[in-house]
Amino acid sequence: MNLFITTFMCGGILIFLGITARLVLTYMEYNYRTTGQVFKKRKVHIIKNTQKASLSYMTSDRQLVNSQLRIRR
Amino acid sequence: MYAIGVIIFLSIITIIGILVTRQVKTAEDYYVSGRSASTLLVSGSLIASLLSAVAFTGEAGFAYDGYPMPQIMFAALMCTGYVFGSLFFGRYLRRSKAFTLPEFFGKRFDSKKVRRAAGVTVIIGISAYMVAVNQASGVLLSNILDVNYVLALVIMWVVYTSFTFLSGAKGVLITDTLMFFFFFFATAISIPLIISASGGWPDVFVNTPNDILSWHGITGEAAFMGTPVEVMMWALVNGIAWGFVTAISPWQTSRYLMAKDDHVVIRSGLIAPIVILSIYFFLDTAMVAVRLVNPDIVPSEEVFIWAAMNMMPLVIGIIVLSGIMAAAVSSLSTFLQLVGNSIARDIIIRDEKEYSQEESLKTARVAMLCVSVVILIITIFPPPAVIFISYAAGTMFAASWGPVAIASIASKKVNKDAAFWSILLGLFGVIAGEAINLFTNITLPMYLPPMIIGIILSSVSLIIGTWIGNATEKEMLFREKILQTDASFFDTKKMLVTKRFSTLMIVSGILFIGVAFVYYYLPAFLL
């Protein structure tokens with residue numbers, strides 16, 4: 001217990017916090033990049049194949065992932 | 001000599017703070033430093049606001065009394081609030097474009113009632129906390145300058161009021177950062193001297209009894225904490241609760257309102273724990289070493305001051321004493337700015353369109369001056385009720401704001417009535433718990449401090465209020481608005497730099513383990 005708390009605790013918490021922050025940042029970036037790519041690909045597709053298209057999407061972090069591409073033909 | 005050194009230091013800080021006044025052109029400059037603060041300024045102010053004189057007096061004394069590791073355990077848990085607070089609350093708070101935290105709650109819940117309730121909490125809690133810090137710094141300064149207590153209080157008042165009144169948030173950010181560097185430097189140079197004067201490393205830890213150096217410190221019937229389990233409960237409960245304080249309290253998160261962008265918020269939240277933990281670890285372990293030279297310092301709160309005057313060369317001693325005063329002044333200026341802003345914006349709520357820049361600045365300055373005069377008078381003639389509230393002030397916000405702050409971002413169903421009652425009942429829970437502790441024979445168990453009672457009441461009322469009522473469309477739309485992440489946030493270069501801060505934190509953690517093992521554990525338990 002002495003070894004764990006006096007030696008590993010402070011450093012361990014910093015490592016845990018650093019990894020958590022890294023994961024959150026990576027997750028946010030992943031969401032943005034992947035959704036952005038879907039958006040671009042579908043946009044090209046829409047321009048090629050439809051006469052009238054409208055996009056509605058939410059831009060919040062969470063909702064960006066679940067954004068819906070509503071296409072009115 | 002100590003008196004002259006400290007007076008020169010306080011004069012320099014005051015002059016720098018007043019010079020910043022020239023940069024204050026708009027109300028936004030005055031309230032939130034023009035929302036243009038860099039990572040250096042935000043993190044400097046976060047650390048300076050948290051580490052008031054208490055860290056260098058009361059908490060250093062606690063380590064000296066035989067509890068260095070419990071104190072460090074508490075600090076480590078408290079620091080988690082910075083990372084979670086900046087990632088899941090601070091950056092949304094910044095996007096709200098509010099000038100104060102109560103204003104954020106008011107906008108989020110589309111309610112002047114919620115804004116005023118939060119504003120009243122700030123005024124009561126922060127003012128009481130200010131009185132406590134004012135008293136501590138007054139006693140300290142009167143000892144250093146050898147003047148009477150009231151004159152010392154007036155000197156302190158002139159120092160922090162002058163630049164906070166004139167330059168507002170801009171002055172507070174700059175002076176906070178300067179003072180942070182000053183007390184960080186003072187701590188860094190004083191610790192090797194204390195260790196050396198106590199017998200040198202590794203002898204100080206070899207010669208100190210193992211029970212003091214162990215993870216639980218001194219336990220037993222005559223000790224402050226009876227068993228190791230009690231120590232663990234104390235550190236866990238208080239550490240987690242103070243984690244809420246660093247995540248959502250006004251004197252910490254209001255710094256995020258001044259940040260240039262979301263990256264500054266996150267980077268500051270990553271830097272602050274590394275610096276704060278380093279200060280706590282080296283300062284508190286060094287305080288144990290002072291016991292070898294003088295085990296009879298009474299009151300123990302003066303241990304670091306005694307070490308500065310008796311274990312260091314004159315110049316370093318002056319720097320250390322000035323560093324302790326810097327920690328007190330930085331906290332007092334932040335507190336004054338928060339209370340003044342809350343009175344000017346959250347109690348006197350006026351339509352922005354009818355409010356000119358000049359009027360807004362004038363109102364804030366008048367409020368700031370009135371508050372500081374009232375607090376000075378209360379500090380000189382403290383009514384018992386104020387002292388009683390100051391016991392609870394630090395953690396009051398964890399209870400009354402914690403659940404509402406989390407729900408304001410995480411839940412779209414939470415509504416104004418739930419938020420209002422949650423703030424009020426959280427506040428009531430803390431005050432009632434403190435009253436039970438102080439005025440009755442009932443002693444609350446270690447795992448149920450007043451703050452936990454407040455958090456339970458606040459959470460229950462929030463859940464019931466959300467279940468009964470409905471959020472309006474305006475409340476939900478505001479939440480949607482602040483949840484929107486600007487595309488510029490995902491700029492590859494900026495993201496890379498922010499990720500490097502997280503890497504720095506991981507590397508610091510690994511280094512910390514190595515240093516703690518060689519510096520502390522090896523001599524304490526293996527040699």
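## Confidence in the model

Chain A has a mean pLDDT of 66, and 48% of its residues reach 70 or more, pLDDT being the predictor's confidence in each residue on a scale from 0 to 100. Over residues 37-73 of chain A the pLDDT is below 50, although this stretch has 46 contacts in the model beyond near neighbours in sequence, a contact meaning heavy atoms within 4.5 Å.

This is a predicted model, in which local features need pLDDT of at least 70 and side-chain atom pairs count only at pLDDT 80 or more, whereas totals for chains, interfaces and linings use all residues. Residues are numbered from 1 along each chain as its sequence is written, chains are lettered from A and ligands numbered from 1 in the order in which they are written, and side-chain values use heavy atoms, with hydrogens and water left out.

## The interface between the chains

Contacts link 33 residues of chain A with 49 residues of chain B. The area buried between the two chains is about 3,500 Å², of which carbon and sulfur atoms give 76%; buried area here is the accessible area (1.4 Å probe) that two parts lose on being put together, summed over both. Within chain A, the residues that lose the most area to chain B are A:Thr6, A:Leu14 and A:Leu25, which together make up 18% of what that side buries.

Five residue pairs are found in polar contact across the interface of chain A and chain B, both residues being at pLDDT 80 or more. A polar contact is a pair of N or O atoms within 3.5 Å; within protein, one must be able to donate a hydrogen and the other to accept it, and residues adjacent in sequence count only if both atoms are side-chain atoms. On the side of chain A that touches chain B, H1 and helix H2 (61-65) of chain A each supply at least two residues, and H1(A) gives the most, with 27 residues. Helices (H or I, at least four residues) and strands (E, at least two) are DSSP runs, numbered from the N terminus. By class, that side of chain A has 18 nonpolar, 11 polar and four charged residues, where Ala, Val, Leu, Ile, Met, Phe, Trp, Tyr, Cys and Pro count as nonpolar, Asp, Glu, Lys and Arg as charged, and the others, Gly among them, as polar.

## Salt bridges

Side chains of opposite charge can pair when their charged atoms come close. Over all chains, a search of the whole structure finds 14 salt bridges, each being a side-chain nitrogen of Lys or Arg within 4 Å of a carboxyl oxygen of Asp or Glu. The count between chain A and chain B is one salt bridge; the side chains of B:Lys499 and A:Glu29 meet in a salt bridge with an N to O distance of 2.6 Å. A:Glu29 also forms a salt bridge with A:Arg33, their closest N and O atoms being 3.5 Å apart, and both residues lie in helix H1 (residues 2-49) of chain A, four residues apart, about one turn of the helix. A:Glu29 counts as buried at 13% relative accessibility, while A:Arg33 is partly exposed at 31% (buried means under 20% relative accessible area, exposed over 50%, partly exposed in between, with a 1.4 Å probe and protein chains only).

In chain B, B:Arg35 forms a salt bridge with B:Glu28, with the closest N and O atoms 3.1 Å apart; B:Arg35 is buried at 10% relative accessibility, and B:Glu28 is partly exposed at 32%. B:Glu103 is paired in a salt bridge with B:Lys107, where the closest N and O atoms are 3.9 Å apart. Because B:Glu103 and B:Lys107 are four residues apart in helix H7 (residues 101-108) of chain B, about one helical turn separates them. Salt bridges that share partners join B:Glu103, B:Lys107, B:Arg115, B:Arg345 and B:Asp346 into one network.

## Backbone geometry in chain B

Most residues other than glycine have a negative phi, and most peptide bonds are trans. The peptide bond from B:Trp201 to B:Pro202 is cis, with omega near 10 degrees, and B:Pro202 is placed in the loop between helix H9 (149-197) and helix H10 (203-207) of chain B. A cis peptide bond also joins B:Val298 and B:Pro299, with omega about -5 degrees; B:Pro299 is found in the loop between helix H14 (262-293) and helix H15 (303-310) of chain B.

B:Ser33, a residue other than glycine, has a positive phi near 50 degrees, and is buried with a relative accessible area of 5%. B:Asp146 likewise is not a glycine and has a positive phi of about 60 degrees, but B:Asp146 is exposed, with a relative accessible area of 70%.
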